[in-house]
Every structure is written in structure tokens, then in C-alpha cells.
Protein chains: 2
Amino acid sequence: MANEAGSALDQLSINVIRGLAVDAVETAKSGHPGMPMGAAPMAHVLWTRFLRFDPRDPHWPDRDRFVLSAGHGSMLLYALLHLTGYELPMEELRAFRQWDSRTPGHPEHGWTPGVETTTGPLGQGFGNAVGMALAERWLAATYNRPGHEIVDHRTYAIASDGDLMEGVQSEAASLAGHLGLGRLTVLYDANRISIDGSTDLAYTEDAALRFQAYGWHVTDADGNDTASIAAALEAARQEADRPSLIVTRTNIGYGAPTKQDTADAHGAPLGAEEAAQAKDRLGLPDEMFWVPPEVRAHMSRVASGGAARAAWQARFDAYRAEHPELAASFEAGARGELPEGWQRALPAFETGRKMATREASGAVISALAPVVTHLVGGSADLMESNNAAIPGEPALSREHPGARKIHFGVREHGMGAILNGMALHGGVQPFGATFLIFSDYMRPAIRLAALMELPVTYVFTHDSIGLGEDGPTHQPVEQLMSLRLIPNLRVLRPADATETAEAWRIALERRDGPTALALTRQKLPVLDRSTATPSVAEGVARGAYVLSDGIADGVDGPRAVILIGTGSEVHLCLAAQALLDGEGIAARVVSMPSLELFEAQPSPYRESILPSTLTARVVVEAGARRGWQGVAGPHGEVLGLDRFGASAPGDRVMRELGFTAELVAARARASIARATLAGAGSLT
Amino acid sequence: MANEAGSALDQLSINVIRGLAVDAVETAKSGHPGMPMGAAPMAHVLWTRFLRFDPRDPHWPDRDRFVLSAGHGSMLLYALLHLTGYELPMEELRAFRQWDSRTPGHPEHGWTPGVETTTGPLGQGFGNAVGMALAERWLAATYNRPGHEIVDHRTYAIASDGDLMEGVQSEAASLAGHLGLGRLTVLYDANRISIDGSTDLAYTEDAALRFQAYGWHVTDADGNDTASIAAALEAARQEADRPSLIVTRTNIGYGAPTKQDTADAHGAPLGAEEAAQAKDRLGLPDEMFWVPPEVRAHMSRVASGGAARAAWQARFDAYRAEHPELAASFEAGARGELPEGWQRALPAFETGRKMATREASGAVISALAPVVTHLVGGSADLMESNNAAIPGEPALSREHPGARKIHFGVREHGMGAILNGMALHGGVQPFGATFLIFSDYMRPAIRLAALMELPVTYVFTHDSIGLGEDGPTHQPVEQLMSLRLIPNLRVLRPADATETAEAWRIALERRDGPTALALTRQKLPVLDRSTATPSVAEGVARGAYVLSDGIADGVDGPRAVILIGTGSEVHLCLAAQALLDGEGIAARVVSMPSLELFEAQPSPYRESILPSTLTARVVVEAGARRGWQGVAGPHGEVLGLDRFGASAPGDRVMRELGFTAELVAARARASIARATLAGAGSLT
């Protein structure tokens, strides 16, 4: 594929990319010109000689994936997309970093065609690339058949010094080395400059040696020499058993007369004079956004990419002829579809049986695995505690590349970024598990899943102080509400096994964002739902429902108070309801597995569950109180936590910190009194 | 210090430690016996031959620091504390993991004497140890004088396979190698077993090589051979210029007949039979919590530790005689005291001057630095953007070990753990800076600072969508409220430069927990406070105050609505107040820099700011809406965000997402209408 003939045109193309980055940043008066100027040669070699893609079909499943982990260099990517023929016209480049343009400050997946992932927060793209390579290998192992290599692509990333300082990158790199992801190649843009100045200020490790320690194939290249870059990329392609890191020595702000190799080229426009001189030195005319026709023709991949995609389609058609079921399964997976009727595999649970919701989740995974065959996931070293193992599966490894059980190691953040990469790649339905407390470790990756609208499922067990002896370092308090704060993340905290199955249903049906399941360590009885309104399936999907209306059940009479619980605390509400019943106080119990889903319901539904006239209310959740005031209302109480937990057996901790039926009942009486005083309690 | 004579007694002591761990976990029916059983030899050698401490004075400033980063092995630490003579009697060991005992599931700093840091979440303790070693070297460089080595101690940690998988450890290790912290020694308990089973499942990197890549001095030791361990520790002590990693090969659950070297020994009691057999194999009698007098005598460090401390005290007295001011400064720093009258150095800002609150924060740091001489901190590669540099200081480095400006690199999580270690060590007043969005990367460390009640200050700049072009990956939305959810973390979002100075005052005066400052990128005018009630100093300290009462200012008449803003949105409220004034609607503007501080005020103060009779309210914050309902009340509105931001110039993003004076005024009118309808608006 090498193309030495075009070296003058190559050089011109590289400089045109640099010029576009300089001009866009100058025009926006904001942005990062230095990275694109330094990395243009490696990007050009990669995109014109190695990367296989069809600009007119950005979703072609067998395309190579490209991740710009150093997302601040977004203009590099936009220039490449524009020049190779994606739907990104010049007016978009001229509108860099402006409202509603397709060229936001950092690349945004789902917004700009050809952008494989949203990057900017450093280290994340690196982890995404590992996830993509993992998904590719899994799909190849699962779907390819002798003579039919329908999954046969590679993952490339460009990462910066900053990416290589982030811990999430270390975690993902260690796992990639362990797994031997030979089709992953990372070009390390080693320009030795970060925002604060020389990396000598804080970063003097031997990164090449570090990656050797992870088991990577490490080479280097002169980032200003296209032949050197091409040779390194070719060597990486030849390496089948190890991921490759190419330490590519570059010059940030290449061509800028005074700012090259300085932090001044990093995150601000060069300034009119420096920009003009830089373009002059690069042999570019004094014209903004200049692209000569020969560069456009040279860089377009519309014809060659279209041909590659068509050839693949022909191969896929042949595959389909021979393996129709596999082909259908592959295509459904690529479209993000679940097998017809998969919901019938969801287990039912016997009323009264005691089981932790984490166990119920494990039962759901076990039941779904044979049907949802592209369900792939695992745990950050808590496989059994999280009940996250797909039964009968070996651990995913070099030897078992098509296994569905992933041991992520004690690497929660890496897991989060890798799950995102798997979801971005497509073809797999990924999930990952850890203790709820350690959702904090992976929060930046969760946020990006939400921002990118990725269908990732998080299995977060040990979801409250009820976990007991491990104590405050392991007991979540603020995690539930802080996850609910992330836009487009859906949090579900089921009250028992039955709600857990429904929560999984909702998680897997969702295609436009991630779902977090918060599950107990402690056992809970499967609830009797003979008086539930609406059904549990509808009720969980709507976020909340009436589990029981207390003594006057079935009679359309007034209630004195509403007890609203989530997860294990629903059982406390039921116990309190029984106490209040004994005093002649009718209490409605509402199970609210998802505050966000409930809030999204139309007003009549919300009114049917929480009548606005009934303001005596107690919300019970063994988590932070803040954020529940809206549900509790002006006369309501929130029984929650404003402190950290403590180490002791779980039931003792619950009791000591106020989670008892007696206290719920006392709060109910107080709320009734307050509502009555305000003249609002008797309005039903 | 080597003590080969006592080898039989050494071995007995080691087995007694193992027996205590086995018995405590059996008694609690919960815990992690395997790690203490495997690591007992290294812990014994370290604590009896190397570690210098006085069990009767756990706060002696020149003691060596010991960090059990593998906090799940807490019984190892409790056994050591008990046997060496700390105030941790046997009844506490018997009450392992029980309510109110001094022996919680994971070690808790401030709760159990001798526990230097709270550990359990993996990787954190490692980072703390780096921070402690950094603080030690800084203090030595700052306070030692020829002939007076009053700061002369070391930091030791025991870390597990799990610690070495976490990214926060990678970040901290890379920086420790860069800085050449020669007095830091980490014993890596390489037992090759994690919770899921063999580390071969997920972790096959060459950790020794990785640490060499970071610039560490790496050796290995046989973890069952005290001579081998002692030799490695001695070699580490001889190494002055590099931190040391001792790869110590151990057997998890050493001595357990069937569970040794298996994951079954990791996180659950051995079981009665296995425990009995293990103790038998270790030569221990069939007696719970058995400690023979000769082991107690052998391990006690009361006499030797007391003598060491007394010798230091004599040396310190000599130092004081020669350098009285330095001695006083050292002692004040060790007590966490700030210099008398330091507040007078806080700058004042001219009304009307436009400056970003990040700039104001930089001005405060500059003004305080000459007075608060132990203020030490920096940024995660955003020194200028965060205005975090102490002026005139070189970067902290091997060459400048007493410098006060720390370049943490792009390592937010490592920074968080290191700041905790610095605060735990004492003698320095640490702060760290990054963009507010990246508080997510360091959240587990922030939580531990709050749990440990450490006086760390976080400088979080670029605090809203107002940062503009960098787009949704860099624009905080949920971060403000999710930080407010962490118990004992105080969040301050000042509205202008004057409030910023007060926020710094509050942060530095606080001794029982961390403070996060949320600061703008965009410029804001310094507010006129001629009508503020109470004063800005009292108002910020109380979390909220009345900035202006609108048209009827100075007249004790009724207000129609309260506009409550934080940070930059206070200015929007003032603009909306002017609009409403024009319509004859009197609007009170409340600046609420700290929701938590305001909530903690006595009811009369809260009532004076937000009269409960005045229910027409608008809360304005360019962040998540969830969590503000309590302040807004039943008729109020929350103008916030339920979505991610967007890339465009900051004022455009603000406008497009609804943060305009016109919209605030419209929401005010809507709230007035609602309150009036409810008959609640006219009660003033």
C-alpha cells in the first residue's frame, strides 16, 4: 500500500492539513493549533495508506476504527474528514467551535460523520480504542468462518503525552497487553510539550519501556518523516499477537516561526502574524482555508473506500449464502437489535423467596445469555460478588477471544472506557460490574457513555450501608444521587428480584444511553404484587408505581400518607405501613426504582402515584438526602443520610443510622401533622 | 538495626500476627484473612527493624509513616498496632468489624490511633504515601539547617496486586519517580491472587519493569524469608535518589492447609476447621487471640520508640535554641495553625473591576503566599488556566525540593491522592487545581479527604458552560451538585473577586474537612455591596446573604420574589432584578456561594435570607437542577440544566441554554403567579 511516488503531493497535503488547522483556530479565536501541525504527517500517512474506510458509509461494520484520543487536536480530524470525502463541507470547518456547527471544540460522536468517539477528557479515547479492538476480535472469533473473514479490521489511535499520563490509559493499556490485542495500534504523538510547558516539568518516565512492561510491541518513528511513519505502521500491521505503540517524535506547532516546540502553540490561536509566517514557511498561500484541487483529489477516499466497502459486501453476501443464520445474527447485532422475543427468557421469581437483587441480576444474566448471544461483559475483579459471570463461559483471553466473560482486573476506570469502546464499535451488548462505591472511579467514562448515548449497562452491587462490615470506604452514600445527576444516565434501583428482571429489560431495550443498576448485597424477599398498580412491568418502566395502599386496599378511600422507597428501603416502607395500619393510619407504599423515569412521565401518571393533594410523604433511601426534596414536597420528610457509613454487620448499621420501620412510621406521623397544620392533608 | 538473634521469636511473632488475623476474621464472620497471613513477615521485619515510631505519641512529627494501601488487610495493621503498644487493647481486636469498635473493616484515620490514612479503595494509599514522602522532603528542605536534621523520616507502604492495577497508583508512581522521592519505599505484596482468582486472569504485566520505566529503584524479596526482606529494605534505605519498590513474593493465606494460594483465602473467613488446621500448622495453640508474653515483649516499641522520640525532642530543642523562628513556624505548621493575622494579607478588589474569579483566586494565592509560608500546591497541567501558581517559585523538583509550586502533570486522580497524603503528613497546607469537569477524575480521592476530614483546598476553574468553545466534554453540568452530595465536603462558588477572597479565607480556616472552590473562566465585575446584608464576610461564611433588595432598598417593605444565584449567575439575577424593577416588581437578590453552609445555619438566619412566607423564588445556577428544589420551595423555579452543554463562545452557550436576564425575569413572574394563586405570595 506504500505510495512513495506521491511524496511531493503528500507533503503538500500534510501542509494543507496544517493550514486548515491554523486557519480554523484563528477564525474561531479559540482552539489548539499545535497538535494538528505536529501530527499531520502521521495522520496523513495513516489515513491515506493504511486506514480502510468509506467516507460515504461511516457505519460500514468492517471499517477500520480511528480514535483521536488527543481530542483537543480536533481540527486534525475535521481536516481529514473533509479532505477524504466525508459529509463535512468547508463551511463547517469555517464554523469551527461555533454554535450548531459540525465542528465542535472537541470531536463529538453522533454529531459529526466519521467521528468514532467523543474525546477531549484525556486517556478516554485510548481506553475506547482498546474496547474497539476487543470487540473486533470477539466478533471475528464469533462470526468468521473458514474462507469467510467478514470481520477483519483494525483499530488505530493517536494519543498525546497527556493521554499517557492519565491512569485510565495505564489500566486499559495493561489489559490490552494482557489480552494481546494485536490489531490495536497507537501512534503516540510524543511532542514533549503539555499545557504547562515541557513535559520535563512532570513527566520523565520511559513510556516505551512502560508499554514493553505491559507486553506491547513498541517501536518508534520520526514524526516528520512519512517513510519512517509508514515503516512503523507496517511493522505494527505485521505484529499479530501484541498491541503496538509507535513512539512518534513530533514538533508541536510545526512550522510556526517562534511558537513551534513551545506550550504557546498548544491551546490558543497562533495570532495573525505568527499564523501568516507559519503558512508561508509551510509553502501555503496567503489565503484562508486553502485546499488546491490536486490535494483534494489525492486525499479523497470516496472511490477507493467505496470499492473496499463493496468488495466486503460481496464477501458478506457469500458468507450469508453459506451461513444465513450467522449473517442475520451479525447484522442484527451491528444494528443494535436484540433477538426476537428475547424478553421471554427473563426469569420469574417466586413470591416470598429471599434473594439479594445482585443474585437476581445474576439469574437474569444466566437466563438471557443463551438468547442474547452478543451479551458480553464482566467485572472489575468482583465477578462473584457482583454475580456478573456468564455461566459456562471461559474467561476472555488470547486463547478464548470469543469468550463472553471479561475479567477487567481492578481497573474500574479502564473498564468504563473499554465498555464505551465496545458499544461504539457495535455488534456487542456490553456490561460491566463493580461495587456501587467504585462507580466513582469510572465516573468520567460513565459521563461520556451518557453524552455519546451508548447502550452500556452497569451492574453496581453492594448499593448501600446495608453491605455492612466493609465500612464507610465501601458504603455508598452520595453515589445514587450523584449518578442520577448525570444527564441521560438512567439509574434503576430495584426493590426485589422481580423489579431486577424488569430493570434489566429496560436496560437492554434502551438504545440511546447507558443504564446503571444499583443492587443489594443483602437478601430481600420477592414482593407480593397482588395489589400493585400498575403492573410491575409498567411500574418499573414508568419509574414508580403503587405497591400497596395499606389497610384500605381496594377501597377508593383517602390515604393519610405516602411512603416512597427505593431498593431495599421499599421493604422498610412496607414494614412501616404495617405499623401505621395498626394505628388506623392508611399509608400508600410507592416503589420508585427510577426517579428519572418517573419524572419523565406525563403529569396524569405522576399524579396517580403521588397525588399533589396528598402532601404527607416520607421518602426513604439509604443514600444522600439532597435531591429528594422535590418528591417529598413541602410537608414531606426525607429519611436519608447526611453522613458517611460505619463498619458493622449490615442490619446493625441500618438500624444505628435510622433505617427502621419505627422511624419511618414516626416520620410519617410528623409529616401528617405538618400537612394537617398547613391545611393540606385533608384535601383528598 | 538488624536483629538476626531473635529469629525464632521473630517467627513466632509472625505466626502470632497471622493467628490474630485468622481469629478476628473468624469471630467477625467477615474480613480478609489471606493478606495478613501472607504479608506478616514483611510487616514484622518492617515494624520491628526499620519503622521508627512511638506508640505512645502517634502524632510525633518525625515518625516514619506507614501506609497499608491494601486496606482490606486491616487485621495486619491492627495486630501490629496492638503488639507494638498503641492504645488498641485486645478487646478491640475481638470486636473486629463491630459497631463502634476501633477496628473497622478497613483502617480509618482519626479513629484508630496509629492509622496514618484511611484505605480500602485500592490505589489510594499508594498515592497518599507519595504525598507523605513529598511533604517530608519539602519540610526537610524548608526547615532543616546544618547540624539540625529535625525532619528525617521515611514513608513505607504495603501495596497489593490490586493497588498496582489501579490507575491512580500509576499516576502517583510516575510522579514519584519523576521527583525522585528516595525516602519512599513500597513493599509490593505480590501474592498473585486477586478476588477473582489468579492474577493471570487479568494482570500479567511486568510490574518491576514498569516501575523501572518510572525511574524507581526496583528489587525483589522472598516474602517468607525475613533476611531477604530485611536486605531489600536495607537496600531501599541506602537508595537516596529514587523511590524503591520491593517486589515481595508471598503466599496469600500462608499456612492454611487448602486455601493458601487461592482466592478463597482473600475475602472470607477460613472457616472453623481450616482456621484450626492453619493455626496448628503455624505452631499456634488452639486458643483464640493468643499472644504469649515473650511475643508481646519482643514486639513492644514503647521503650525504644519513646527513647527515639525523646532523642528527637532533644535535637528539636537544640534547633529551637538556634533557630527559634523556624522552630515556631515548624510547630505551628505541624499543629495545622496559620500565622497570626494571615487574613490581613487577603486582597481587596475595586468595585466594578472585571475579573474572572479564577483570576481573583490567583491574586489571593499570590497575596497569601508570602505570609502562609507552608501553602504548597499546584495544578494538573493547567497552572496558568487555573491561576494556581505561587509566584516567584520554581517548580518542585529534585533540584528544588523545597519549592511550593507543584506540576502534577495530567494526573488529576494522582493529584487528589497525593494532596491527601500531604495533608495527612502535616506541616503543609496543600491545594490542587484543575478544571471543575475533571473533579470527576479525582472524585474517589476527594471523598476520602472528606471522610478523613483533611484540610485540602481544591481550585476548580472553568466552572460552567460559560467556559464556551471547549464544549460539552469540558463543560461541567452535574459536577457542582454532585460535589455538594459528598458528606463533609464544602463547595464554594463565589460570585465575584470579593467573594473569592472570602472563600479562600473559609477554606484555609477550616481544619476538619476539604473545600472545593468553583471559579469562572469568564470575567465578572466586582459587585457593589453597599446594600448587602449581612456583610460579605459574614454572608459568605454563612453560605448566603442578601446582596440587594431591589427598588425598595433600604425601605422595610415587602418583596415580591427572591432571586437566588450562585457564582456567575448572581450577575444574571441582578440584571433580572433591574428588569423587574422596571415593572414595579421588587426582587430580592440572594448570593448563595455555599448551599451546605447556608443549610447549616440556625433557622432564624435562614429565615432572614429566605423568609418562609415569601415563596415566589427563582434559583439560578448553570448546573444540574436536581438538588435545588428544597431552596426553591413549592412555588419556586429552578433555572438550571438537564442536559449537556455545547461548543460555542461562552456567552452564546449561556444564552442558547436559557441563561438570560429575560428568562430569569420570566421565571420570576411565573413563580409570583403561582405563589399568588396559592395565596402564599402576599403574606409578608
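**A threonine between two chains**

Tutor: Start with B:Thr473. Leaving aside neighbours within four places in sequence, B:Thr473 is in contact with A:His106, A:Thr118, A:Thr119, A:Gly120, A:Pro121, A:Arg447, A:Leu448, A:Leu451 and B:Ile437. Contact means heavy atoms within 4.5 Å. This is a predicted model: local features need pLDDT of at least 70, side-chain atom pairs count only at pLDDT 80 or more, and totals for chains, interfaces and linings use all residues. Residues are numbered from 1 along each chain as its sequence is written, chains are lettered from A and ligands numbered from 1 in the order written, and side-chain values use heavy atoms, with hydrogens and water left out.

B:Thr473 sits in the loop between β12 (457–461) and α17 (479–484) of chain B. Helices (H or I, at least four residues) and strands (E, at least two) are DSSP runs, numbered from the N terminus. The relative accessible area of B:Thr473 is 3%, so the residue is buried. Buried means under 20% relative accessible area, exposed over 50%, and partly exposed in between, with a 1.4 Å probe and protein chains only. B:Asp463 is 10 residues away in sequence, and its C-alpha is 13 Å from that of B:Thr473.

The loop between β12 and α17 of chain B also holds B:His462. There phi is near 60 degrees, a positive value in a residue other than glycine. B:His462 has 6% relative accessibility and therefore counts as buried. B:Glu453 is in the loop between α16 (443–452) and β12 of chain B. Its phi is also positive, near 60 degrees, and this residue too is not glycine. B:Glu453 has a relative accessible area of 45%, so it is partly exposed.

Next, the two copies. Chain B superposes on chain A by a rotation of 180 degrees with 0.0 Å of shift along the axis (RMSD 0.0 Å). That is the relation of a two-fold axis. The same surface serves both copies: 100% of the contact residues of chain B recur in chain A.

The packing comes next. The largest nonpolar core has 168 residues, and A:Leu563, A:Phe659, B:Leu563 and B:Phe659 have the most contacts inside it. A nonpolar core is a set of buried Ala, Val, Leu, Ile, Met, Phe, Trp, Tyr and Cys residues joined through side-chain atoms within 4.5 Å. Beyond four places in sequence, the contacts of A:Leu563 include A:Cys573, A:Leu580, A:Val618 and A:Val664. A second, separate core has 154 residues, and A:Leu448, A:Phe644, B:Ile406 and B:Leu419 belong to it. A:Leu448 was one of the contacts of B:Thr473. In soluble globular proteins, nonpolar side chains tend to be buried together.

Now a helix pair in chain B. The axes of α7 (residues 167–179) and α15 (residues 412–425) of chain B come within 8 Å and cross at roughly 75 degrees. That makes α7(B) roughly perpendicular to α15(B). From α7(B), B:Val168, B:Glu171, B:Ala172 and B:Leu175 make the contact; from α15(B), B:Glu412, B:His413, B:Gly414, B:Ala417 and B:Ile418 do. By class, that contact has five nonpolar, two polar and two charged residues. Axes are lines fitted to C-alpha atoms, for helices over the stretch in contact, and angles run from 0 to 180 degrees between N-to-C directions. Under 35 degrees counts as roughly parallel, over 145 as roughly antiparallel, 65 to 115 as roughly perpendicular, and the rest as oblique. Ala, Val, Leu, Ile, Met, Phe, Trp, Tyr, Cys and Pro count as nonpolar, Asp, Glu, Lys and Arg as charged, and the others, Gly among them, as polar.

Helix α2 (residues 34–50) of chain B holds B:Val45. B:Val45 is at 0% relative accessibility and so counts as buried. Outside four places in sequence, its contacts are B:Phe50, B:Thr226, B:Ile229, B:Ala230 and B:Leu233. B:Arg49 lies in helix α2 of chain B as well. At 2% relative accessibility, B:Arg49 is buried.

A cis peptide bond joins A:Thr533 and A:Pro534, with omega about -10 degrees. A:Pro534 is in the loop between β15 (523–525) and α19 (536–541) of chain A. In chain B, a cis peptide bond joins B:Thr533 and B:Pro534, again with omega about -10 degrees.

Conventions:
Copies are superposed by least squares on the C-alpha atoms of residues with pLDDT of at least 70 in both.
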